[in-house]
Amino acid sequence: MKYWLFKSEPDAFSIDDLASMPRKTDHWDGVRNYQARNFMRDEMKKGDQGFFYHSNCAEPAIVGIVEISREAYPDRTALDPKSNYYDSKSDPDNPRWFMVDVKLVRRLKRAIPFRELKEYSQLEDFPLVRRGNRLSVMPVTASQWKFILKKE
DNA sequence: GCCAACGTTGGC
DNA sequence: GCCAACGTTGGC
């Protein structure tokens with residue numbers, strides 16, 4: 001089993017939004033970065049767990065834990081001209097973008113701020129805190145996962 | 001296949 | 001709102 005981190009701007013989709021969905025489950029659409037797509041399409045398995053991270057907001061932080069409840073399938077928003085995530089070059093017969101379903105497992109007992117994550121030497125290889133990192137979906141190692149959970 | 005220009009991300 | 005860092009685009 002692998003571990004992941006999912007970034008979302010809370011103004012667009014927050015952990016509260018996920019919590020309010022039926023079965024606390026939603027599809028993680030709109031990923032339009034090839035590296036992040038490859039993680040979702042090729043490596044995520046049902047039952048993998050991930051952190052839910054709030055970005056681009058007053059206090060960027062890890063706020064919860066999700067679980068992959070459905071493995072990758074085509075992201076239809078790429079084919080919908082009305083969607084913000086529409087990609088005119090995506091071909092229905094050869095989908096370019098994928099999404100997975102995630103289910104909220106629980107919120108963390110406390111949000112762990114980005115500011116704090118940066119300070120731990122144990123996390124210096126954690127992609128989230130690497131300078132200039134822009135991946136919206138990224139892998140978390142088992143040791144990073146455990147370390148972070150001990151800090152909640 | 002190079003690389004400058006551009007748009008986006010995201011912490012601050 | 002700023003701006004550094006990055007991925008993508010497209011002319012050549």
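**Entry 1: the strand pairs**

I began with T25 and found that T25 stands opposite K103 in β5. I read helices (H or I, at least four residues) and strands (E, at least two) as DSSP runs, numbered from the N terminus. I work here with a predicted model, in which local features need pLDDT of at least 70, side-chain atom pairs count only at pLDDT 80 or more, and totals for chains, interfaces and linings use all residues. Residues are numbered from 1 along each chain as its sequence is written, chains are lettered from A and ligands numbered from 1 in the order in which they are written, and side-chain values use heavy atoms, with hydrogens and water left out.

I then looked up the pairing to which T25 belongs. Strand β2, residues 25-27, runs antiparallel to β5 over three bridges. I call two strands paired if DSSP finds at least two bridges between them.

Which strands pair with β4, and over how many bridges? I noted ten antiparallel bridges between β4 and β5, and six antiparallel bridges between β3 and β4.

**Entry 2: chain A as a whole**

I counted four helices and six strands in chain A. Along the sequence their order is β-α-β-α-β-β-β-α-β-α.

The C-alpha trace of chain A spans about 45 × 30 × 30 Å along its principal axes. The radius of gyration of chain A is 15 Å, which agrees with the value near 15 Å for a compact globule of 152 residues. That radius is taken over C-alpha atoms, and the globule rule is 2.2 Å times the number of residues to the power 0.38.

What share of chain A is buried? I found that 45% of the 152 residues count as buried. Buried means under 20% relative accessible area, exposed over 50%, and partly exposed in between, with a 1.4 Å probe and protein chains only.

I also looked up the contacts of chain A, where contact means heavy atoms within 4.5 Å. Of those between residues at least 6 apart in sequence, 73% join residues at least 24 apart.

**Entry 3: helix α4**

In helix α4, residues 142-150, I listed Q144, W145, F147 and I148 as the buried residues. They lie on the same side of α4 because they cover an arc of only 170° around the axis; the arc is that of the directions from the helix axis to the C-beta atoms. The opposite face, turned away from the buried side, carries the exposed residues S143, K146 and K150. I noted that the cover over the buried residues of α4 includes β1 (3-8), β3 (49-54), β4 (61-74), β5 (98-113), α3 (114-117) and β6 (137-140).

Is Q49 buried or exposed? Q49, in strand β3, counts as buried because its relative accessibility is 18%. Leaving out residues up to four places away in sequence, I found Q49 touching M1, K2, Y3, W4, I65, V66, E67, V105 and W145.

E116 is in helix α3 and, at 16% relative accessibility, counts as buried. Beyond four places in sequence, E116 is in contact with R110 and K151.

A111 lies in strand β5 and counts as partly exposed, with 34% relative accessibility. Setting aside neighbours within four places in sequence, I found A111 in contact with A61, I62 and V63. The C-alpha atoms of A111 and E152 are 7.2 Å apart, although 41 residues separate the two along the chain.

**Entry 4: DNA strand C**

Which residues surround DNA strand C? I listed Y34, K89, R131, G132 and R134 around DNA strand C. A residue is near a molecule or strand if one of its heavy atoms lies within 4 Å of it. By class, I noted one nonpolar, one polar and three charged residues on this surface. Ala, Val, Leu, Ile, Met, Phe, Trp, Tyr, Cys and Pro count as nonpolar, Asp, Glu, Lys and Arg as charged, and the others, Gly among them, as polar.

Of the atoms of DNA strand C within 4 Å of the protein, 67% belong to sugar or phosphate, and the rest belong to bases.
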